[in-house]
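Please consult the structure while reading.

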Amino acid sequence: IKHIHENIGVTVVYVTHDQVEAMTMGDRVCVLKDGHLQQIDTPQNLYDKPDNVFVAAFIGSPSMNLNEGTLAGTNLTLGSHTIELSADVFEKRPGLKEFDGRDIIVGIRPEDLEDASLAPEEKKGATIATTCTLTEALGSEIIVHFELDAPRVDAGDPDAVDDLGEHAAVGRFDPRSRVTIGNAMEIAINTGNLHFFDPQSRTAIW
């Protein structure tokens, strides 16, 4: 279909519930929820700069991890974990300063998590210690499920099947990772790619 679209050179409106299909075929994508427009943008901008929690979770596979956190100065608390944010994060998102000392929704894409023993230094950002609960070896990558004791946030997608558990999170690791189910591990977080949302309006903070 994409080849036909490019060959005939006309505007095509394509409707799908499959976000991968929408991202692959669309030059511009409209995300709708309950008949209301959530965001219209290029596929890459929907991924990089989602306007709200729903779009953030809907775009990307596996879905973005969304958890409740607290911001205090440059420190971000997620459950029992404290992560120090660099000055670059606040320069990119100046609106974060208004949330100092307040609760916040934190989004972490699985691809911004890595086995700390394999993460390049420039992408490490911060690390957390946790336990692996499940692995899915896909050849080119390993999908790793782990415990994150920060309350998860419901993104509002009625079609999402959520049986991961209250304290579950997901990462996409290099296939060379040797993490195993039931064992402790250290995860590197690329803090420069974290997403932040207002817990009241559920809109992105910039």
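**Salt bridges and overall form**

Q: Which residue forms a salt bridge with Arg176?
A: In this predicted model, the closest N and O atoms of the pair are 2.9 Å apart. Arg176 itself counts as exposed because its relative accessibility is 53%, and exposed means over 50%. The salt-bridge partner of Arg176 is Asp174.

Q: How many residues apart in sequence are the parts tied together by Glu141 and Arg172?
A: The side chains of Glu141 and Arg172 meet in a salt bridge, at 2.8 Å from N to O. Glu141 lies in the loop between β8 (126-137) and β9 (142-147), whereas Arg172 belongs to strand β10 (residues 168-173), so the parts tied together are 31 residues apart.

Q: Is Glu141 buried or exposed?
A: The cut-off for a buried residue is under 20% relative accessible area. Glu141 has 16% relative accessibility, so Glu141 counts as buried.

Q: What is the relative accessible area of Asp34?
A: Asp34 forms a salt bridge with Lys33, with the closest N and O atoms 3.1 Å apart. Lys33 counts as partly exposed at 21% relative accessibility. Asp34 is exposed, and its relative accessible area is 62%.

Q: What is the radius of gyration of the protein?
A: For 206 residues, a compact globule would have a value near 17 Å. The protein agrees with this, its radius of gyration being 18 Å.

Note on methods
Residues numbered from 1 in each chain as written. Predicted model: local features only at pLDDT ≥ 70, side-chain atom pairs only at ≥ 80, totals over all residues. Heavy atoms only, no water. Rg over C-alpha atoms; globule rule 2.2 N^0.38 Å. Salt bridge = Lys/Arg side-chain N within 4 Å of Asp/Glu carboxyl O. Buried < 20%, exposed > 50% of the residue type's maximum accessible area, 1.4 Å probe, protein only. Helix = DSSP H or I, 4+ residues; strand = E, 2+ residues; numbered from the N terminus.
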